[in-house]
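Let's take a walk through this structure together. Have the sequence and the 3D view handy as you read.

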Amino acid sequence: MLLQLHEPGQSPAPHESDRGLAVGIDLGTTNSVVAVARDGTAEVLRDADGGGLIPSVVHYSDDGSVIVGTAARERLLDEPDRVVSSIKRLMGRGLEDVKSLAGTLPYTVEPSPEGGMVRLRVAGRVLTPVEISADILRALKARAEEAQGKTVDRAVVTVPAYFDDAARTATKDAARLAGLEVLRLVNEPTAAALAYGLDNASEGLYAVYDLGGGTFDLSILRMEKGVFQVKATGGDAALGGDDIDHAIAEHFLAERAAKVGPHTITAGEAKQALMVARLAKECLSRSQGGDWVMEVDGKPSRHFLDRATLDSLSTPFVERTIAICRAVAEDAGIAVADIHGVVLVGGSTRMPLVRARVAEFFGKPPLADINPDEVVAVGAALQAEALTSGSDTLLLDVTPLSLGIEIMGGIVEKVIPRNTPIPVAMAQEFTTYQDGQTAMSIHVLQGEREMVDQNRSLARFILRGIPPMTAGAGRIRVTFTVDADGLLTVAASEQTTGVEQSVAVKPSYGLTEDEMAHMLRDSLEHARDDMASRLVAEAVVEARRSMLAVASALKADGDLLSDDERKAIDAAMELVERSTHGTDRDAVNAAVEGLEQATKGFAEKRMDRGIRQALAGVSVDRLDDALGGGA
Amino acid sequence: MSVAAASLAVHPCWSCKGPVATRALFCSVCGAVQGPGATDHFSRLGMVPTFEIDRDVLDRQYFGFQRRLHPDRFAAKSPKERMLSQSQATALNEAYETLKDPLKRAAYLLKMLDHAVDLGACGTISDPELLMEQMEKREEIAEAETVAEIATLSAAADAEVLACQCHISAAFNAEDVDEAARLTLRLKYLTKLADDARAKKIRLSRG
């Protein structure tokens with residue numbers, strides 16, 4: 001048997017060819033894009049007409065069939081109650097969150113029975129934003145599979161940097177539902193920087209200004225020799241080009257009311273008005289003015305819009321983005337003059353007003369040589385390749401929002417401040433405030449404000465089993481862990497008595513494991529096979545790691561074994577090798593277990609030798625391994 | 001070396017089960033990533049434990065370690081390896097965040113020298129001289145009305161912070177731990193003052 005050995009920590013993923021393709025996906029509010037990278041060059045996967053954008057619009061039929069993209073968008077006017085758009089705005093949102101968006105959403109929102117994520121009533125079905133997003137992701141997966149003629153089962157999916165924990169979890173769940181393993185959630189501005197950084201080998205401080213349909217993000221990164229270090233990030237999860245569409249539509253409707261008289265408009269007419277408004281906005285990025293026709297109650301009306309009027313309608317929203325740029329720079333202690341370049345991301349940055357204001361604020365013309373609609377997907381694809389095939393590039397991202405806990409008086413005590421590099425784990429100790437208190441309620445919040453009700457509530461849970469003590473004697477340690485995807489886990493334990501009762505929570509406004517299991521069952525028939533084959537793939541990865549480890553050990557210390565011992569290990573290895581060619585997960589696990597048993601005595605001999613050598617002052621490890629790749 | 005010490009210096013690698021040095025990041029036999037282990041923030045980043053550090057060197061060390069240990073390097077590996085890499089990256093971030101901030105770095109060094117300074121405590125200032133000085137400076141900042149006035153105060157506060165850092169460095173070099181501790185507490189209040197002055201400068205310059 002031939003086994004290749006690699007530098008520690010540098011080895012590429014084993015047997016990469018066994019796996020399906022890994023793609024980069026920009027799951028946008030208005031449009032989505034899928035791209036794939038090979039040898040450091042990313043390619044956006046396009047339709048027959050060369051279009052890279054897939055409208056994030058889904059049409060549901062009574063017979064249960066689903067259409068995604070342009071064809072769905074075309075039905076928006078005729079069948080408004082069967083078509084869903086801008087679903088990204090509802091990811092990880094509860095009914096309370098959605099109230100502020102009331103009237104701006106072109107569909108009926110229903111509360112969930114348990115007060116979790118909102119549900120939508122579409123074509124007689126009740127769907128969660130996760131399921132609808134999963135339908136979009138399935139379409140992207142299908143496009144990639146068709147274009148590449150290969151199974152696509154893993155992806156880097158981008159999210160706005162400012163997405164909170166619930167929205168991130170919801171995005172990951174949607175991918176799972178669509179049969180995609182999320183290699184990493186990457187922040188959109190970071191992905192855009194990656195797309196630029198590799199092409200231009202830029203160094204220094206860069207700002208990424210990302211104005212999409214529904215979200216605004218501003219990130220400041222330091223680029224240096226393949227390291228992308230996010231210094232600060234900020235934004236508004238409910239600010240984007242859609243707001244400008246609404247302002248234009250309202251302007252047209254007010255004009256119309258003045259001319260034709262007031263009229264209550266239907267949901268369908270509102271959608272049409274928004275489409276006309278968007279068309280007008282997009283045309284005015286190239287021309288100075290034009291006429292648009294709108295139809296309400298069967299009566300058409302004609303409206304003129306010029307660049308100056310558009311600019312004055314858009315100014316309040318653009319100024320809000322500039323205020324955020326200023327705040328983020330100040331927060332990071334960075335002078336705007338020290339920023340070397342600004343990268344534009346998102347379709348809304350095509351607006352001349354946006355470009356002019358960004359150039360004015362940063363004092364330099366912004367970079368826009370990569371299509372702003374596609375740059376995020378390009379970066380995501382590059383990262384997907386880096387994660388599966390290895391790369392020297394390194395993304396060091398941060399938490400976008402502070403995380404904390406409610407303390408007495410409805411005040412938030414911060415546990416992890418915003419702009420802390422991730423992954424991170426931080427703990428804080430709290431105490432009991434009543435004699436004999438045996439339980440403590442823990443309320444997890446995300447946001448920058450002092451008071452609980454001004455921040456986003458992520459989760460509530462109760463730590464029970466605290467031994468009764470006098471007030472102030474109990475020591476409750478609450479640990480927040482944020483992983484490289486920006487996802488939070490909270491654990492609490494009582495310290496003084498050694499009674500370590502730990503509770504780990506996943507934030508609310510997501511879906512419970514039960515709901516996910518149910519949806520996975522109900523989703524496409526082969527979803528179950530997807531799950532099963534993923535579990536086999538994981539077991540095989542683990543089995544190959546074991547074989548590689550034993551092979552390395554044999555190479556180093558094989559002289560410790562007698563011929564019979566060696567034969568027994570070789571036989572066990574052979575069994576593992578054979579099991580990895582099948583699809584029986586239990587067989588793989590059993591073979592690995594067998595190998596472990598067969599090498600037990602060998603491991604003991606090796607440890608004895610190691611300790612003897614340590615006693616004799618012989619280092620068992622090379623110094624560079626102990627120190628890592630420092631200097 | 002005693003047998004006990006020898007068993008502390010090596011332990012079984014979780015992957016190949018053979019001996020691996022307790023401080024090693026990767027097993028030299030099978031290449032598997034190891035857990036972060038208990039070590040101080042300076043050693044973790046391969047730095048000498050001194051107050052004065054070269055920020056460029058610190059960044060280079062941090063990037064170098066993250067390049068090999070960050071979860072992105074292990075995205076396609078087994079769950080156990082992914083978990084260990086996350087622990088390693090978390091430990092590196094904690095070390096970097098502590099060492100890059102002069103105030104946290106000073107407090108951490110003092111803790112290593114068994115001379116803990118409580119930076120979290122927002123309690124009263126026990127040093128009457130420091131208290132008087134801080135009250136006067138706060139008053140000046142509160143009374144500043146023009147951008148020019150606050151800019152002068154802010155620049156002065158920043159200069160004081162830098163001066164205090166130099167004094168701390170000198171105290172550590174002279175191995176005067178008590179003086180270093182006193183100055184670290186002073187640095188805490190000076191930093192807060194400088195932050196407040198900067199915040200007010202930003203507020204006033206926005207008009």
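First things first: what you're looking at is a predicted model. It scores ipTM 0.87 and pTM 0.83. For chain B, the mean pLDDT comes out at 88, with 92% of the residues at 70 or more. Among the elements of chain B, helix 2 (residues 41–44) has the highest mean pLDDT, 95, while helix 1 (residues 3–9) has the lowest, 69.

Now for the layout of chain B. You'll find eight helices and two strands in it.

What about the overall form of chain B? Its radius of gyration is 22 Å, whereas a compact globule of 207 residues would have one near 17 Å. Along the principal axes, the C-alpha atoms of chain B fill a box of roughly 70 × 45 × 30 Å. Buried residues account for 43% of the 207 residues in the chain. And if you take the contacts in chain B with a separation of 6 or more, 52% of them link residues 24 or more positions apart.

Chain B also splits into parts. The domain assignment gives domain 1 (1–34), domain 2 (40–100) and domain 3 (128–206). How do domain 1 and domain 2 of chain B meet? Four residues of domain 1 are in contact with seven residues of domain 2. On the domain 1 side, the touching residues are three nonpolar and one polar, with no charged ones. The centres of these two domains, taken over C-alpha atoms, are 20 Å apart.

Finally, let's look inside. In soluble globular proteins, nonpolar side chains tend to be buried together. The largest nonpolar core here has 195 residues, and the members touching the most others are A:Val23, A:Ala35, A:Ala155 and A:Ala381. Helix 12 (residues 527–557) of chain A supplies the largest share of this core, 11 residues. Pick out A:Val23 and, beyond its neighbours within four places in sequence, you'll see contacts with A:Val34, A:Ala35, A:Val36, A:Ala144, A:Val152, A:Ala155, A:Ala381 and A:Ala384. There's also a second, separate core of 22 residues, which includes B:Tyr108, B:Cys164, B:Phe172 and B:Ala194.

Methods
Residues are numbered from 1 along each chain as its sequence is written. Chains are lettered from A and ligands numbered from 1 in the order in which they are written. This is a predicted model: local features need pLDDT of at least 70, side-chain atom pairs count only at pLDDT 80 or more; totals for chains, interfaces and linings use all residues. A nonpolar core is a set of buried Ala, Val, Leu, Ile, Met, Phe, Trp, Tyr and Cys residues joined through C-beta atoms within 7 Å. A residue is buried if 20 or more other C-beta atoms lie within 10 Å of its own, exposed if 12 or fewer, and partly exposed in between; C-beta atoms are placed from the backbone. Helices (H or I, at least four residues) and strands (E, at least two) are DSSP runs, numbered from the N terminus. Two residues are in contact if their C-beta atoms, placed from the backbone, lie within 7 Å. The radius of gyration is taken over C-alpha atoms; the globule rule is 2.2 Å times the number of residues to the power 0.38. Domain bounds come from an automatic or database domain assignment. Ala, Val, Leu, Ile, Met, Phe, Trp, Tyr, Cys and Pro count as nonpolar, Asp, Glu, Lys and Arg as charged, and the others, Gly among them, as polar. pLDDT is the predictor's confidence in each residue, from 0 to 100.
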